[in-house]
Amino acid sequence: MSLLDVSDVRKYFPIKSGIFFRREVGRVHAVDGVSLSVEAGETLGVVGESGCGKSTLARCMTGLYDVTSGTITFDGDMRRDVQMVFQDPYGSLNPRRRIGSIIADPLVIHREGTPASRRERVRELMALVGLNPEHYNRFPAEFSGGQRQRVGIARALALNPRLVVCDEPVSALDVSIQAQVVNLLKDLQTELGLTYVFIAHDLSVVRYVSDRVAVMYLGKIVEIAPGEELYERPRHPYTAALLSAASVADPDRQRERVVLRGDVPSPISPPTGCRFHPRCPKAQERCVVEEPLLLGDGHKWACHFPLEPGERLQSREPGQ
Amino acid sequence: MSLLEVADLRVTFSTPDGDLRAVRGVSFAVEAGQTLGVVGESGSGKSVSVQALLGLIPGARVEGSALFDGEQLIGMPAERLRRIRGARIGMVFQDPLSSLHPMYSVGRQIAEAVLVHRRVSKDQAWTVARERLEQVGIPGARARDYPHQFSGGMRQRVMIAMAMALDPELIIADEPTTALDATVRAQILELLGRLGCALIVITHDLGVIADMADEVMVMYAGKPVEKAGRRALFHDPRHPYTRGLLNSLPQGKERLKPIEGRPPSLLSPPTGCSFHPRCPVRIPRCPIEEPPMLGPDDHPDACWLEEGR
């Protein structure tokens with residue numbers, strides 16, 4: 001059995017209008033039928049643009065959101081064994097509390113140990129993530145962004161979790177600091193046998209940390225595959241477009257022609273059929289009416305007209 | 001003569017904790033039609049140095065020289081500077097939502113810029129506004145729409161249309177793609193790439209630099225540490241900081257090589273070379289003496305090791 005099983009999960013947020021009656025006028029389809037599994041010891045990367053539902057999915061996986069429908073099964077005690085690291089190292093730490101007490105929070109909530117043993121454990125955790133245990137009594141404002149992210153990681157590790165969901169853990173950090181935190185996460189994985197779900201929009205970081213990668217678009221997974229396979233042989237046109245648009249620090253790379261026009265549509269009323277069809281250079285009539293399923297084994301994609309391995313996605317002029 | 005020639009620019013803020021020297025001597029030149037990329041991490045002074053030239057940082061002490069087409073911008077009366085800003089130098093900022101007025105239609109905001117600087121009728125100004133929107137790929141009919149009716153990428157196009165409104169000779173783009181998604185980012189970079197006027201792109205993203213800069217200036221702790229052509233910078237990085245930055249990026253599955261430590265406080269920058277506390281190749285001289293720009297004119301860097309080369 002997988003460590004975590006996500007089966008046809010949907011999460012809708014109601015949109016309300018009116019002053020007195022607050023009637024529901026629509027729903028944001030943030031996550032709209034996602035199934036995947038996370039195996040023990042692996043790192044599953046999740047990429048996608050803003051609004052694709054990757055953060056909502058993360059919060060469903062950790063139990064922070066109740067799902068609208070579908071099931072999430074975890075092999076163990078979800079509240080203890082699944083923890084989360086957040087994107088914003090400024091917003092996710094209470095500025096009025098001391099670092100030591102922030103890190104001790106999960107221990108207090110789960111009634112672990114005595115005050116003395118908790119203090120000992122917090123010092124241990126601080127050393128583990130590369131913070132000076134003597135800074136136990138400092139406030140978050142006294143730390144830099146990278147150090148705060150280490151505090152967030154220490155807090156997530158307090159209860160010896162098995163699965164850690166990292167939601168954009170390095171995107172608020174400068175490049176030189178990003179690498180420090182990524183290395184730390186990697187080392188902790190080896191040392192503690194952790195399983196990660198690693199959510200980010202930076203494709204190169206995801207490639208580096210992940211064993212498998214899932215690509216999301218408008219609340220759905222459009223492709224999922226072992227990392228190298230996905231990056232080298234993308235089958236879904238959206239994956240290919242995303243990869244070609246990625247920021248690469250290589251001056252000799254031919255600038256790819258922009259293959260996608262327009263923006264991501266609104267998740268309030270997603271397009272019919274395949275959600276990517278209004279922007280897809282390969283779209284045909286079938287894509288407008290029939291929603292493709294996520295099929296395949298190992299490497300799965302949801303597309304009626306996938307790219308053949310090695311095929312390059314051609315842009316289509318508007319109006320064609 | 002260069003279009004913009006900046007020499008020994010210094011920007012200082014007075015704070016209760018003492019003087020914060022955000023920019024500590026920056027010199028660079030931008031030729032007509034050329035793209036200069038300014039890259040650095042947060043607090044490196046990359047935005048402040050460019051905004052200060054245009055008088056956009058009230059309360060800062062700005063010293064040094066900045067000649068735009070032969071005219072001195074530093075110390076220029078505010079009214080005169082305003083004539084240059086907008087008309088001859090356009091600006092695109094990171095966050096288009098907070099740079100656009102939410103209660104005026106985008107067409108009106110562009111037309112207004114035209115009316116302020118040119119003697120034209122309202123109708124003519126609106127015609128310019130619609131033309132510019134078309135140029136950035138927004139139908140002219142949408143000129144009457146308000147900023148909230150556009151997506152993030154479209155708003156950034158509006159900002160570019162506005163910056164272009166008066167055919168400026170120079171456009172300054174401060175983190176123009178940072179708030180945008182990958183697929184939209186590529187569209188905006190393509191658009192900026194075909195503007196034709198001189199461009200200063202300020203960014204933390206080495207990918208943007210690799211994509212569009214002709215010349216690059218790398219900044220650290222308020223000073224340039226290396227200047228080079230785009231290809232030279234990536235193929236032959238000389239300053240240890242530039243190397244560290246490039247090495248921090250993932251390459252295959254090799255373990256990442258971060259720069260240890262973190263950027264210094266600008267209230268009390270380290271003595272000597274400001275990078276020395278983090279530098280893996282420092283020599284005894286580094287903490288004592290600050291290196292000037294050394295090495296060849298077309299690829300100088302501020303590192304003492306350059307003397308031994």
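**Strand pairs and a chain contact**

Tutor: Start with A:Ile15, which stands opposite A:Gly26 in S2(A). Keep in mind that this is a predicted model: local features need pLDDT of at least 70, side-chain atom pairs count only at pLDDT 80 or more, and totals for chains, interfaces and linings use all residues. Residues are numbered from 1 along each chain as its sequence is written, while chains are lettered from A and ligands numbered from 1 in the order in which they are written.

Student: What makes S1(A) and S2(A) a pair?

Tutor: Two strands pair if DSSP finds at least two bridges between them. S1(A) and strand S2 (residues 23-38) of chain A have 12 bridges, in the antiparallel sense, so they qualify. They also form a hairpin with five residues between them, and A:Gly18 in the turn has a positive phi of about 95°.

Student: How many bridges join S1(A) to S4(A)?

Tutor: Strand S1 (residues 4-17) and strand S4 (residues 69-74) of chain A share five, again antiparallel. One spot to look at is A:Ser7, opposite A:Thr71 in S4(A).

Student: Over to chain B. Which way do S7(B) and S8(B) run, parallel or antiparallel?

Tutor: Parallel: five bridges join strand S7 (residues 170-174) to strand S8 (residues 198-203) of chain B. B:Asp174 has B:Ile202 in S8(B) as its bridge partner. Both strands belong to an open sheet of six, in the order S6-S7-S8-S3-S9-S10 (chain B), with mixed pairing.

Student: Why are S6(B) and S10(B) called edge strands?

Tutor: Strand S6 (89-92) and strand S10 (223-229) of chain B each have a single partner strand, so one side of each has no neighbour in the sheet.

Student: How do you know whether chain B agrees with a compact globule?

Tutor: Compare its radius of gyration (taken over C-alpha atoms) with the globule rule, 2.2 Å times the number of residues to the power 0.38. For 309 residues the rule gives a value near 19 Å; chain B has 20 Å, so the two agree. Its C-alpha trace spans about 65 × 50 × 40 Å along the principal axes.

Student: How many residues of chain B are in contact with chain A?

Tutor: 36 residues of chain B contact 31 residues of chain A, contact being C-beta atoms, placed from the backbone, within 7 Å. H7(B) gives the most to the chain B side, with seven residues.

Key
Contact = placed C-beta atoms within 7 Å. Helix = DSSP H or I, 4+ residues; strand = E, 2+ residues; numbered from the N terminus.
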